[in-house]
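Reader: I would like to go through some labels and the values behind them.
Author: Ask about each label in turn.

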Amino acid sequence: MNAVRSPMALALFRHYFGRSLYGESAGVRKGELDPFAAAVMEEIGLDIAKHRPHTFEELEDAEGLNFDLIVTLSPPAHHRALDLTRTLAADVEYWPVPDVTNQGGSREQILDAYRSVRDILAKRIRDRFGSIARGNE
């Protein structure tokens, strides 16, 4: 719903690469930004509170889907991206990242689950795009 993983990933991507690489965030459905996602990003100095969730269709209308690569973080998003790119020259990569929106437990246990997702995304983004941003690919 473009409310947890994708906004976190976009904020991390922009933090690491600024304007050297371009990224956007979209989901299969539109939801509301998750306050736990905002809280764990704020812990590392990144503010996603102003993120407004978008659908793939909204992004396509605004951007024209002119991307070289689409990274999906959930099976529904992956299937939707594959459908959208049948006529595009964009690659699609699936990064399975846990959905923590149904995480139970105490507030601290929930935050720990969200932190884990944040840290998984941070590592994947740095590993995947770091050499491109440095001009080594």
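Reader: Which residue follows H1, and what is its phi?
Author: Glycine 18 follows H1, and its phi is positive, near 50 degrees. Helices are DSSP runs of H or I with at least four residues, strands are runs of E with at least two, and both are numbered from the N terminus. This is a predicted model, in which local features need pLDDT of at least 70, side-chain atom pairs count only at pLDDT 80 or more, and totals for chains, interfaces and linings use all residues. Residues are numbered from 1 along each chain as its sequence is written, and side-chain values use heavy atoms, without hydrogens and water.

Reader: Why is the pair of phenylalanine 17 and phenylalanine 129 called edge-to-face?
Author: Rings of Phe, Tyr and Trp (its six-membered ring) pair if their centres lie within 6.5 Å; planes under 30 degrees apart are stacked, over 60 edge-to-face, and the rest tilted. Here the centres are 6.5 Å apart and the planes are at 70 degrees, hence edge-to-face. Phenylalanine 17 lies in helix H1 (residues 5-17) and phenylalanine 129 in helix H5 (residues 107-133), so this pair ties together parts 112 residues apart in sequence.

Reader: What makes phenylalanine 129 buried?
Author: Its relative accessible area is 10%; buried means under 20%, exposed over 50%, and partly exposed in between (1.4 Å probe, protein chains only).

Reader: Why is the pair of tryptophan 95 and phenylalanine 129 called tilted?
Author: The ring centres are 6.2 Å apart and the planes are at 45 degrees, so the pair is tilted.

Reader: How do you know that H1 is largely enclosed by the rest of the structure?
Author: Of the 13 residues of H1, 10 are buried, so that description applies.
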